[in-house]
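This briefing sets out selected features of the structure shown below. The points are grouped by topic.

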Amino acid sequence: MKTADLNSPRYDDILSSAERIRSLREHIQQNNAELTERFHAGIPAAELIRARSDFIDELLGACWNHFLGSDAEQLALIAVGGYGRRELHPYSDIDVLILLDFHHSGANRAEEPPYRQGLADFFNLLWDIGLKPAHSVRTIEECVEQSRQDVTVITNLMESRLLHGSSALFKELWARIGPEHLWSSREFFEAKMAEQAARYAKYHDTAYNLEPNIKEGPGGLRDIQIIGWIIKRHYNASNLNDLLLHGWLTEAEHGELMQAQHFLWQLRFALHTLTGRCEDRLLFEYQKELALQFGYQDPDVNQAVEQFMQRYFRTVMGLERLNEMLLQLFKEAALHRDEDAVILPINRNFQAVNNYIEALHPNVFREQPLALLQIFLLLQQNASLLGIRAATIRLIRQHLYLIDENFRNDPEACRLFMEILRQPGGITHQLRRMNRYGILAAYLPAFGRVVGRMQYDLFHVYTVDEHTLFVVRNLRRFALEKHRAEHPLCNEIFQIIERPELLYIAGLMHDIAKGSGGDHSVIGADIAEGFCQRHGISRRDTDLVKWLVQNHLLMSMTAQRKDISDPDVIHEFATAIGNQDTLNYLYLLTVADIRATNPNLWNSWKDALLKELYLTTRWTFRRGLTKPLEQEEKINAVKAESLALLRRLGISDRTIEKVWQMVNDEYFLRYLAEEIAWHTVAISACKPGDLPLVLLRPVSQRGSAEIFLYAKDQDFIFAYSTAVLDQLGLTVFDAKIITSADGYVLNSYHVLEQTGEPINDHLRQAQICSRLRACLLQPSCTPLRVHRREPREIKHFTVPTQIYFHDDPQNRYSILELVATDRPGLLSKVGQAFRECDVRLYNAKISTIGSRAEDIFYITDHRDHPLNSELQKRQLSEAIIALVGTN
C-alpha cells in the first residue's frame, strides 16, 4: 500500500470536483491507452498487469478515503482473487472484499452503521466511472462460514491483499482462515482436483479446440493458478518461485512454467486490448490479428494463423504436463509422506509404489534407454498400475534426447512399440500418455511435426495429433463389447479382421503428413511404408497399410459425393478396393476418422450412407467383380421387391401399375424398394384436391427424415422447397427429382435438424409439411428469400465459389460440382439458376464440411440431354455465381 499515493492531491482535487465522474473516466481511459501503447512497444505484460494493479490501488484508496473519511479505519478494503495477486489485465474483474468489524457494524447488523452511506457512495462512483467491481461485504465470521462451505471463497481469500483500512481486521481474518482451522492441505487439494476435473470436462477434456479459452481451458492460466493455490495452502508460499525453493521444480521446469505463463499473459493482454473487454476466448475473429501481432507472417494468412495456434497448443500441452506432474508430486511427497508405502517389484528397471510405476533409480533410462518404451508396455500389462510416479515422469522428460535414429532403428525398440499396439487393452491410454510426455513425437518425428498443429477451418475442431489419437480411440471402441451399441456393424466387422494393429498404424499415419506442403495422403502413405518396413511388417501387410493411408478418404467421398444407387459407381468403388478384407479395414477407418474430426459431423445420415455403401460393396464382392450388376437386372430386382411390399399392404397390381406407368426406369434405379412402396401408396390414394401432396416420415432407411413432395410441375419448385427447408433450419443431405410422363414431380429430400438430430416431434413434422404445402399453393413470381441468421464463424471462413463439370460415364447427365460458402439459401439460389437457364435437375448430393459446401448436381437441358455445349455451361456458371456470389 502506497499511503503517499492514496493522498495524492490530484485525486483530492478530482474527487471534490463536480466533474469528477468525467475526469476519472478520462483518467482511466488515459491509463488504459498508456498501457496499450507500452504493450505494443514491447513492454512485457507481466510488468503492465502489475502497473495496472498499482494504478487501481491508488484510485480505490483515494476514493475510499474520500467517501469513508474517519470511518475508513473501522473497515478493511481488501483486494482478492487475481487483483489480490496483482494480476490485472486491461479489463479483468476488480474483486474486492469490504471486511466489517462486527463490533462497529451495529447490533446484529440491524442498526444503521455510520459508514453505510459512505460505502454506497464509494461503490456507486466505481460503477459510474466504469470499473464495475465484483465486491462482497462481510464480517470475519461470515467470511469463515462462507469459506467453510465453498472452496472458491477460501481460494479468493488466500489471494487477499490489504489495500486500506484496518490492518488488525485483516490480520484476524488471516488467522481465522488458516489450514489449521478449515480446509486442511489435504481437503483443499482434493477439492481443487475435483474442481479441475469438472473444468476439464466442460471443455471435453481437451485443450485442442478451434476457439480455446486461454484462462479456463485445460492447460490455460487456471492450470498455473491451481498449482500456486495448492502450494500456497500447504506451505504458505507467496509465489511460483517458491516451487524452486521447496524442490518441486527443476530450473528447466521452472523456466518452462514461467515462459508459458509469460506467453499466456501476453496473449490475454493482447486479447483484452484488441476486443476492449474481458475476453479470454481465442475466437476466429481475433486469431488472424493476433497471429500478426505475435510476428507470424506468411503469404497464406491461414498458414500464419496455424503456426501461431500451434505455438499456443504446444504451450498449453506443456502446461498440462507440468500441472499433472506437480499435482501428483504434491500428492506423493506432501500428502502421503507419512503413510506406509506398498512397494512391489516389477522388473530390474521398475517397481510399483502404491500402484504407481516408478524407476528404481535415477539412471534407469540412461543405462537402459529402451525402458522409455518398456514403461508404457508394463502399464498395459499390469492392470493394477494406475499411472506413473511424478519423479519418473520427470525422468522420462529429461531423457527424451536418448530417442535418436539409433534408438528408432533398434529392432528391440520396434518390437516394444509393436507390442504396445498389439496389447488387448490400454492402447489409447498409453498412446495419449506417450504423446503428453513427448515420447510419440520423439519416436515418430513426422508425428512430432503435427503435434499442436491446427487446421484453420470449421471442419477440423481438434489439432492433428489430438484428432489422430481420437481416431485410434474410436477404432479401439469398435473392439469392445461394452461399446457395441454405438456401432454394431463396426463391432461385428472388427471381430473378423486379422491384424488390428495394422488398423491402428493406419489410424496413426492417415494425417501424419498434414501441413507438409503436398498431398497428405500420398506423403503419409510413404511415411507409413517406411514405418512398416522398420517394424518388420510383411510386404503384404505393408501394402495394405500404405493403401489405407493413401485412400483413407475414398469411402467417405464416394458415399457423400456419388450416386451409390448406381451399379456402375458401386462396381468402380469395389474395383478400386479390390477385396473384402481391404473393405473391412477401410470401413472401420472411415467411420473412426469422421467421428474424430468434429463431434457435430457424425449423424444418422452418414452412418446409414456408409453402411449402405459397405453392404452393397460386400454383396458385389460375393457376386464377383467379373459379373457386374447390369442396370436392367437391378431395376427388375427393385421392382420385384417393391411389388412384394405393396402386395403385403393389400395394394392391387392394377393400382400399382397405374402409378408406375408414370415413371421411367431411372426412378427404380435411384430409389430403394421401401421408398417406392411408400410413394406408390401415397400417390394412389391422392385425389386432385390433395395436391400438392407433402408427406414426411421421421426415419427412413437412410437414417434421416424423408420429405416426399408430389405436385404438378411448376417453375422454381426445387428453389421454393429448398428455401422453405432452409428457413425452417433443416439440413438437406440428398435430393431426388423425378418428373413423370404426365407432368408431375416426385421430389424427395432427406433432411435432419441442423444439429444433426432426427425430427421426432410431431408438431415439428406438421409444421414442415404445412409450410411447404402453403408455399407451393401460392407461389410468387420469384422464389423465397431465406431470412436466417448466418453463423458468425462463416465470415471468417469464406470459400471462393468454384464450379466444375464432370462427364457421366453413361452420358445420361452432366454432373455439376459446386464448391462455395455454405450460406443460408444456397440450394434455393442454385435452383433459381437452373430454372433461369432451362436446366433440369435429377439428383443432388449435398455435403457441408464446416463452412464449405461441396454439392453435386446431376442435370440435363430441357430435352433431357447432357450439357455438351461450352456456351450452356458458361451461362449456367455465370447464373449461379450471380446469385451465390464469388465467395
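In this predicted model, the largest nonpolar core holds 181 residues. Within that core, Phe308, Tyr312, Phe376, Tyr587 and Leu588 touch the most other members. Helix H15 (residues 301-335) supplies the largest share of the core, 16 residues.

**Nonpolar cores**

- Phe376, one of the core residues with the most contacts to other members, touches Ile388, Ile396, Ile420, Gln430, Arg433, Met434, Tyr437 and Ile439, leaving aside residues up to four places away in sequence.

- Four strands form an open sheet in the order E3-E2-E1-E4, and their pairing is mixed.
- Strand E3 (134-139) and strand E4 (161-165) are the edge strands, each of them pairing on one side only.
- On average, neighbouring strands of this sheet are turned by 25 degrees against each other, direction ignored.
- Strand E1 (residues 76-79) and strand E2 (residues 95-100) run antiparallel and are joined by four bridges; Ala76 stands opposite Leu99 in E2.
- Helix H6 (residues 116-128) packs on the sheet, where it touches E1, E2 and E3. The direction of H6 makes about 175 degrees with that of E2.
- Helix H7 (residues 140-149) lies across E2 and E3, and runs at about 115 degrees to E3.

- Gln266 is located in helix H13 (residues 251-275).
- Is Gln266 buried or exposed? Gln266 counts as buried because its relative accessibility is 15%, under the 20% limit for that class.
- A polar atom of the Gln266 side chain lies 2.5 Å from the backbone nitrogen of Ala45.
- Not counting residues up to four places away in sequence, the residues that Gln266 touches are Phe39, Ile43, Pro44, Ala45 and Phe294.

**Confidence of the prediction**

- The pLDDT averages 88 over the protein, and 94% of the residues score at least 70.
- Residues 1-7 have a pLDDT below 50. In the model this stretch has 15 contacts beyond near neighbours in sequence.

Definitions and conventions. Residues are numbered from 1 along each chain as its sequence is written. This is a predicted model: local features need pLDDT of at least 70, side-chain atom pairs count only at pLDDT 80 or more; totals for chains, interfaces and linings use all residues. Side-chain values use heavy atoms; hydrogens and water are left out. Helices (H or I, at least four residues) and strands (E, at least two) are DSSP runs, numbered from the N terminus. Buried means under 20% relative accessible area, exposed over 50%, partly exposed in between (1.4 Å probe, protein chains only). A polar contact is a pair of N or O atoms within 3.5 Å; within protein, one must be able to donate a hydrogen and the other to accept it, and residues adjacent in sequence count only if both atoms are side-chain atoms. Contact means heavy atoms within 4.5 Å. Two strands pair if DSSP finds at least two bridges between them. Axes are lines fitted to C-alpha atoms, for helices over the stretch in contact, and angles run from 0 to 180 degrees between N-to-C directions. pLDDT is the predictor's confidence in each residue, from 0 to 100. A nonpolar core is a set of buried Ala, Val, Leu, Ile, Met, Phe, Trp, Tyr and Cys residues joined through side-chain atoms within 4.5 Å.
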